[in-house]
Amino acid sequence: MSRAEDTSAPRAGAHIDGLLLGALLALTALGAVMVYSASAIPASQSARLGHDEFYYLKRQLLAAGVGVGLLVAALRLGARRISALAYPLLAVTFFTLLLVPVLGKTAGGAQRWIPLGPLQFQPAEAAKVALVLYLARSLARKQEKVRIFSIGLLPHLLVTGALVALCLWQSDMGTGVILFLVLFAMLFAAGARVSYLLGAGLLALPVAWHLVKSTPYRYERVMAFLDPERYRYGPGFQLWESLLGTAHGGWLGQGLGQGKGKLFYLPAAHTDFIAAVIAEETGLLGILLLVSLYAVVVWRGVRAALHASEPFGCYAALGVTSLVGAQALVNLAVVFGLLPTKGLTLPFVSYGGSSLMTLLGAAGVLLTVSGERGGFLRRAPSAVIVRPGAERSRAAGDARLDTGAEGTTS
C-alpha cells in the first residue's frame, strides 16, 4: 500500500470547521467569565492593583484580542507559509528563553516572564507551539526515514530536551512534561518505532524522579498529593482547598459568583485552579460542559489531521490537538487530586496572556487544516504486482480453465 499523492495546498473551496471554531471561542468566552468571577473580589481589595475589580478581566480580554488576531493571521497565511516559518519561530523561541534570566520578571518565586507593556510574555508558552510546528515540518520532510533512530528520533529528542532544559532552568517542570508528551504523541503518529519511544520514556523516568527528589518543593507536592489531608495546612493547602470547593459544588453548583473558595482560600483561583472555581459555582454540570468542549476540540482536531491533504498540516493538527488535550487533562487531573500540583494553565480558560495568545495562534494553524478534504493518511487500494511473463501465464491459465469447462459441459 502507498500513501496518497501529497498536495501543496488545500482543495479549492476549502472552509474552516465551524464546530471546532465554535468550541474554541466558547472555551475562550467561558474563560473570560470565570476569570472575572474568580478574581473580581480579590482584585477589588488589592491596593497594589488599584482596587479595580476588572483588572484581570481587562488583561484577559486584551490577550484574547491579540490571540484572535494571531488566529486570523494564521488563517490568512495558510499551512505552506506557516511551515516555512517553523524553524525561524523555533530559533526566536530559544533566544527569548535565554533572555528570561537577563530581562525576566520574577513572580511566585519563579523567573519566567518578560515584560511587554501592559502584558507579560512567557516564552515557555510559545515553546509549546514552536515545538509543534518544528516537529510537523521536520517529520513531513522525513516521512520515509522516521523509523531510523538517528533521523526519526534522535534530533527531535535533542531539540525537545534543550527546550525542556531551558524550562527547568526557570523552575517550570510542568511545561517540560507537556513538551515530552507532545513529542511522543507526534512521533508515534508519524510512525516512529515504538521500541525507541518506550526506551526513551523508561530512560526519562529516573531523570524525572531525580528532579523531583532533589527539589524540596516538588517532593513536598508529591507527598501532599499522596496524603492531602495530612498536609492541608502546608504544601497541600492549595490541593485541599481545591477538593473542598469541588465537593461544595455538588450537581448544579453554588451559583455563578457565589463560590467561597476564591475568597482568599484557594491560591491561584483564576489561574491554575480555575477549574475548582467552575466546579464550585456550576457543579458537575459545568464541569461536564467544560470537558465536552475539550472533547469536541480533540475530536475535530483528530478529524482535521485525518483529512489533511499534506504531511505538514496533518502533523501540525495532531500536535496542536495533543497539546490542548494533554494540557487540559493534566490541569484537570491536578485540580481533582489525580496528579501532583503543577503550574499549568487550563487551555483557553485560565488567566494568562501568554498561554491564551499562543494557544489561539495555534488554533489558527489547526483551523487552516480543518477544512481540507485531502487524505494524506488515507491508503490507496492495494496494487497488483505484475511481473514479466505474468500476462502470458495468466492467458495460459485462462485457456486451461476454458478447456476444462468445455470438457465438463460435454
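Guide: By contact I mean heavy atoms within 4.5 Å, and helices are DSSP runs (H or I, at least four residues) numbered from the N terminus. This is a predicted model, with local features needing pLDDT of at least 70 and side-chain atom pairs pLDDT 80 or more, while totals for chains, interfaces and linings use all residues. Residues count from 1 along each chain as its sequence is written, and side-chain values use heavy atoms, leaving out hydrogens and water.

Let's start with α9 (residues 237–249) and α10 (residues 274–306). From α9, Ser 242, Gly 245, Thr 246, His 248 and Gly 249 meet Ala 276, Ala 279, Glu 280 and Gly 283 of α10. Sorted by class, that contact has two nonpolar, six polar and one charged residues (Ala, Val, Leu, Ile, Met, Phe, Trp, Tyr, Cys and Pro are nonpolar, Asp, Glu, Lys and Arg charged, the others, Gly among them, polar). The axes of α9 and α10, lines fitted to C-alpha atoms over the stretch in contact, come within 6 Å and cross at roughly 20°. So α9 runs roughly parallel to α10 (angles under 35 degrees, on a scale from 0 to 180 between N-to-C directions). Their crossing is left-handed, with the near helix turned anticlockwise from the far one by less than a right angle.

Glu 125, Ala 126, Val 129 and Leu 133 of α4 touch Ser 354, Ser 355, Thr 358, Ala 362 and Val 365 of α12. That contact has five nonpolar, three polar and one charged residues.

A pocket here is an open set of points on a 1 Å grid, with protein on both sides within 12 Å along at least five of seven lines; lining residues have an atom within 4 Å of a point. Of its 22 lining residues, Leu 70, Leu 89, Val 129, Thr 358 and Gly 361 are the closest to the centre. Overall, the lining divides into 17 nonpolar, five polar and no charged residues. Val 129 and Thr 358 turn up in the α4–α12 contact too.

Conventions
On a 1 Å grid over the protein atoms alone, a cavity is a set of points where a 1.4 Å probe fits but cannot get out, and a pocket is an open set with protein on both sides within 12 Å along at least five of seven lines; lining residues have an atom within 4 Å of a point. Helices (H or I, at least four residues) and strands (E, at least two) are DSSP runs, numbered from the N terminus. Angles under 35 degrees count as roughly parallel, over 145 as roughly antiparallel, 65 to 115 as roughly perpendicular and the rest as oblique.
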